[in-house]
Amino acid sequence: MSRLQAIDPAAAEGKTKTLFDGVEKKLGLVPNLLRTLGASPAALEAYLAFSQALGGAGLDAKAREAIALTVAGENACDYCASAHTAIGGSLGIGGGELADNLRGRSGDAKLAAALDFAAAVTSKRGLVSDADLAALREAGYDDAAAVEIVTTVALNLLTNYVNHVAQTEIDFPRVDAAAANAAA
């Protein structure tokens, strides 16, 4: 049971209704995380704008999902692990790669470097070392990509923390982030 009230899209009003209508048109539904964010139209709008802006960044959707999974794994966020596993699967990412991403790993060496950096940003609260940044650059990422990885981490920290506070009811096939990392 969620500790924060999720807004029913059928009962939404004003700005929240407008935002929910846009989400439903795009996704066909309003996920529980967004229903929870809908308690504050400003928070929901900020999340949606942040997410949309990153969609136009240099990192492709698959890389952003991999980073989201790594952050979910670092923070043991079952909601985000579940959501991003489902979204990643819809993008054609295989189950083994998705499970690896949740553990901060990838079969692709360049993406693995991005995930190492994302995990360092998350676990070190942004206080990464020169070596962390050098490893990212050695893998072929430039400063723009470094900033995009950090902002992708930040967006996912927002959702992880909202889900932890709310104990958002999972409305995707369930993935246990802590168990996945314990199996690593």
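Student: Are H1 and H3 roughly parallel or roughly antiparallel to each other?

Tutor: First, a caveat: this is a predicted model, where local features need pLDDT of at least 70, side-chain atom pairs count only at pLDDT 80 or more, and totals for chains, interfaces and linings use all residues. Residues are numbered from 1 along each chain as its sequence is written, and side-chain values use heavy atoms, leaving out hydrogens and water. Now, two packed helices are described by the angle between their axes and the distance between the axes. Here helix H1 (residues 14-27) and helix H3 (residues 41-55) pack at about 30°, axes 9 Å apart. H1 and H3 are therefore roughly parallel (angles under 35 degrees count as such).

Student: Which residues make the contact?

Tutor: With contact meaning heavy atoms within 4.5 Å, H1 brings Lys15, Thr16, Leu19, Phe20 and Val23, and H3 brings Pro41, Leu44, Glu45 and Leu48. Sorted by class, that's six nonpolar, one polar and two charged residues.

Student: How many disulfides does a search of the whole structure find?

Tutor: A disulfide is a covalent bond between the sulfur atoms of two cysteines. The search, which looks for cysteine sulfur pairs within 2.5 Å, finds zero. For cysteine 77, the nearest cysteine sulfur belongs to cysteine 80, 3.7 Å away.

Terms used:
Axes are lines fitted to C-alpha atoms, for helices over the stretch in contact, and angles run from 0 to 180 degrees between N-to-C directions. Helices (H or I, at least four residues) and strands (E, at least two) are DSSP runs, numbered from the N terminus. Angles under 35 degrees count as roughly parallel, over 145 as roughly antiparallel, 65 to 115 as roughly perpendicular and the rest as oblique. Ala, Val, Leu, Ile, Met, Phe, Trp, Tyr, Cys and Pro count as nonpolar, Asp, Glu, Lys and Arg as charged, and the others, Gly among them, as polar.
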